[in-house]
Amino acid sequence: MDERKYWNPILETLPLEKMQKLQLMKFKKIFEFAYENSPFYKRLYKDAGIEVGDIKTFEDIRKIPKVEKGMLREVQQREPFPYGDMLAVPIEEVSTFRQTSGTTGTPVYQAETWQDWECYTECWSYILYSQGYRNTDRVFIPFGYNIFIAFWGGHYAAEKIGCEVVPGGVLDTAARVLKMQELRCNAFMATPTYVLGMAETARTKLGIDVAKELQIEKITVAGEPGGNIPTTKRRMEEAWGAKVYDHIGATEWGAWSFECIEQPGGLHIIEPFYLIELEDTETGEPITEPGKEGKMIITALEQQAKPCIRFDSKDIVRWADYQCDCGRTFRIIDGGVIGRADDITKVKGVLLAPTAIEDVVRSIPDLGNEYEVVVSKRGDLDDILLKVEMLEGKESAEDAVLARLKDQLRLKTNLGYRIEIHPYSSLPRYDVKAKRFKDLRKKGK
Ligand SMILES: [Zn+2]
């Protein structure tokens, strides 16, 4: 068994000052590479009056124009097909196509060179290694291997670390549970929705309590916020009798963050590969102090095919004011991604983050995992309808649950709700990413 604590002991314990020197050096390199090789970036920078040698200090980085998702969609409408003129390498060097899921609009096409993919896998190796994955593990990967990036990186990194990987591609949920049981797998990776869904399928269709009858010790989740919502995390850990670790990544820039085995309450940033800047959403001023929320601007420091330089992620994050007991110097964003600048909507004049509702619903033991939130207009007023499910056999506790829900929701979100209690198993189930928040006010506007 591999007993080393870190995947890369030098980089993972580098003091911040040295890390920032490394980041500045890498930033200059990727900026110049994009300037010279990507017509899209050349146009963007020339229009802004920026020259190749303009980046000398860390502060200079803020002069570089940001990139937004809409620009990526626009550029891929242009020739040459299919990536437009954003590519910074000849098309012959592109080794993989992927695309975003399109949850916020037209999917964005993503190109990778083999070297990009090696970086992607290396980042995932930091993630899994920090979560205790070693060469003695047998890891099940229950996802549909397809055009979405999802857990492809996790698969390759688990192999790179030396784990034994079981690809659970086209099997259905019950077959996946049975295969994990048969092979005594001790780890797997999935979205939080699917982690809970698999446990439910095992119980209702197979009569299996996965916490007792399977040998899962650790689960890596990604793709949804649940890994950093305390009550959702607790439900997943209890359902499987395993530790759950969070990871957030993105198709456009890769696997940039992880929760380590210490579960510090936030995510480490893989700083040798990613430069994160925080910016005040209203003034655009940089935020360096802990505790203050801002928008995350991200640069993938080694991504070559489609460089990602100062991308406005719209993710809302804040720096942590604590260090992690694991000893890594990679900085932490507290509580993971708190929300998206797009998603945090105003309801009745109050900012509402859907993750806060999830945290309340899943803190009440008599309620099932599923819920649905529908925001609409009733006359001139905003209306929030929350649908929840009572667990079987708990129906007599309805009144008490209703009162507790109302209290907790008002306390945590400062808003009042209409609440509907539905029978167990009647709300929609999702296999991968759930769509539990619906804002009907946006339609037709
Ligand atoms: Zn840590």
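## The β7–β8 pair

A250 has G254 of β8 as its bridge partner. The two strands concerned, β7 (residues 243-250) and β8 (residues 254-258), run antiparallel and are joined by 4 bridges. Two strands count as paired if DSSP finds at least two bridges between them. Strands of a sheet pair through backbone hydrogen bonds, in either a parallel or an antiparallel way.

This is a predicted model: local features need pLDDT of at least 70, side-chain atom pairs count only at pLDDT 80 or more, and totals for chains, interfaces and linings use all residues. Residues are numbered from 1 along each chain as its sequence is written.

β7 and β8 belong to an open sheet of 8 strands with mixed pairing, in the order β4-β3-β5-β6-β7-β8-β9-β13. At its edges are β4 (164-167) and β13 (332-334), each pairing on one side only. On average, neighbouring strands of this sheet are turned by 30° against each other, direction ignored.

Helix α5 (residues 114-130) lies across β6 (218-221), β7 and β8, and runs at about 20° to β8. Axes here are lines fitted to C-alpha atoms, for helices over the stretch in contact, and angles run from 0 to 180 degrees between N-to-C directions. In total, the protein has 12 helices and 20 strands. Both are DSSP runs numbered from the N terminus: helices are H or I with at least four residues, strands E with at least two.

Domain 1 gives 15 residues to the contact and domain 2 gives 13 residues, where contact means C-beta atoms, placed from the backbone, within 7 Å.

On the domain 1 side, the elements giving two or more residues are α8 (192-206) and α10 (230-240). The residues of that side divide into 6 nonpolar, 7 polar and 2 charged. Nonpolar covers Ala, Val, Leu, Ile, Met, Phe, Trp, Tyr, Cys and Pro; charged covers Asp, Glu, Lys and Arg; the others, Gly among them, are polar.

## Overall dimensions

The C-alpha trace spans about 70 × 60 × 45 Å along its principal axes. The radius of gyration is 22 Å, which agrees with the value near 22 Å for a compact globule of 445 residues. This radius is taken over C-alpha atoms, and the globule rule is 2.2 Å times the number of residues to the power 0.38.

Among contacts between residues at least 6 apart in sequence, 69% join residues at least 24 apart.

How values were computed
Contact = placed C-beta atoms within 7 Å.
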